[in-house]
Amino acid sequence: MKRNEVIEVKIEDHSFPATGIGMLEGKKVKIKGAFPGETVSARAHQVRADRAKGRYLGIVENAPYAVKPACVHYGKCGGCISQQVPLELQRTFKEEEVKKLFTQNDLSMGEYLGITGDENQYEYRNKMEYTFGDEVKGGELNLGMHLKGMKNSVVNTNACLLIHDDFRKIHDYTIAYFREKDLPYYRVMRQEGYLRNFILRRGINTREIMVNLVTTTQIDFNLDEYRDGLTELDLDYTLVSILHTESDSLSDAVVPEKLNILYGRDYIYEKLHGLTFKISPFSFFQTNTKGAEVLYSEVKNFIGEKKNEIFDLYCGTGTIGQIVSDMADKVTGVEIIEEAVTAANENAQINELSHVHFIAGDVKDVIASLEGSPELIILDPPRSGVHPKALEYVKDFNAKEILYVSCNPKTLVIDLKYLLDQGYEVVKTKVVDMFPNTPHVETVVLMSRVKVNTLF
């Protein structure tokens, strides 16, 4: 086996995230996006004496359990990778991958409560962030997701199955309109062009929709006609917000510099667990509303009895802190993004939660100045996990319990090992599948203090 050689591998095992493992020429080969029972083709790289990695190219022979992928974009779009795997088996694979990480790190899961998730495999997303581009150089303008393994090519994902039909109608109108106007998309390397991104959000329980067109300022284009056309679409939901975000950032990520309201307001509302949440264009909110309801129900179940005080660290727009607020006399949240904290405090006022408040700042810096004696600390960090400095302060609070909500089990097990060394033990664990057809999974872990840290 040589680097860049195209190989065929029978997948016999798997690891997180959705990485198939097989043997070839005496080497263990790992291929992301391959599943047990499949024979896949891949391009070899990182070839070592006893192991190698392969870049997935396609399925040579399906697994016996395989079903026909429902989406016409499957195989080209870089989004869903496991549509050929039945939903229940997807969840079994995710469950096994999380368990393996605990076992490999010599960690107990405490009482393991299995995996759960909302029943919807499709049309579950409340947010989509599309990119303008083309599939081939010089091709027609597309609006959609990046081609699998090719960040400079964009597939026109007008028939994506993860979104509601209203999103498809808005997408189709938008791409048709801008193709007719022959406006150039933004090319990152050249730093030239006009059309950048297109973001759609919806409140699934409130049935409100937000449209956000992201462009540069390189062309002065009047968007009144485009706006009027959007308002005339026959939608099931109510279009309450049409926005135009201007950004000349050199970054490929969406960096809002100026926000123009073309129609309605610059926010939508969503309801979760009986509470109302105001969602602004760039605020974080779980992208699967029904899945979030399942996740937060599990969080409340894990908390059990009412606490005197809860710290909600990495709180985002304060969703968890507010949903569990009926289980504490006081809730304090910390989040680095100021806009999110402003929204969190505003939402707390909307929901009349006077005992809940949120602080802006980096957790690793703010936590040192927090005052109180929380019985429970909730950790809901980004994929990178909890900053080591923040973890030191977490253990110094000597909270009776720590509830860790993780979107990345790889960093979860690292942080758990540290907390175990500081006198905590894992009480129970549950896995929540928030994102069917993808490798992503949430893991909820409750830890209890068995030894008090003494500060000298």
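Author: Gladly! Buried means under 20% relative accessible area, exposed means over 50%, and partly exposed lies in between, with a 1.4 Å probe and protein chains only. Please keep in mind that the model is predicted: local features need pLDDT of at least 70 and side-chain atom pairs count only at pLDDT 80 or more, while totals for chains, interfaces and linings use all residues. Residues are numbered from 1 along each chain as its sequence is written, and side-chain values use heavy atoms, with hydrogens and water left out.

Reader: What makes the phi of H273 worth a remark?

Author: The angle is near 50°, a positive value in a residue other than glycine. Most residues other than glycine have a negative phi, and most peptide bonds are trans. N398 is also not a glycine and has a positive phi of about 55°; this residue lies in the loop between α8 and β21 (401-406).

Reader: Is N398 buried or exposed, and how do you know?

Author: N398 has a relative accessible area of 17%. Buried requires a value under 20%, so N398 is buried.

Reader: Which peptide bond is cis, and how do you know?

Author: The bond from F16 to P17 has omega near 0°, and is cis. P17 belongs to the loop between β2 and β3 (19-24). S15 is in strand β2 (residues 13-15).

Reader: What makes S15 buried?

Author: The relative accessible area of S15 is 16%, so the residue is buried. Leaving out residues up to four places away in sequence, S15 touches I21 and E97, where contact means heavy atoms within 4.5 Å.

Reader: Why is G361 called buried, and what does it touch?

Author: G361 has a relative accessible area of 15%, and is therefore buried. Its place is the loop between β19 (356-360) and α7 (363-366). Not counting residues up to four places away in sequence, G361 touches V334, E335, I336 and V366.

Reader: Why are helices α8 and α9 called oblique to each other?

Author: Helix α8 (residues 388-396) and helix α9 (residues 409-421) pack at about 40°, with axes 11 Å apart. Axes are lines fitted to C-alpha atoms, for helices over the stretch in contact, and angles run from 0 to 180 degrees between N-to-C directions. Under 35 degrees is roughly parallel, over 145 roughly antiparallel, 65 to 115 roughly perpendicular, and the rest oblique, so α8 and α9 are oblique.

Reader: Which residues meet where α8 and α9 pack?

Author: L391, E392, V394 and K395 in α8 meet D415, Y418 and L419 in α9. The residues of this contact divide into 4 nonpolar, no polar and 3 charged. Ala, Val, Leu, Ile, Met, Phe, Trp, Tyr, Cys and Pro count as nonpolar, Asp, Glu, Lys and Arg as charged, and the others, Gly among them, as polar.

Technical notes
Helix = DSSP H or I, 4+ residues; strand = E, 2+ residues; numbered from the N terminus.
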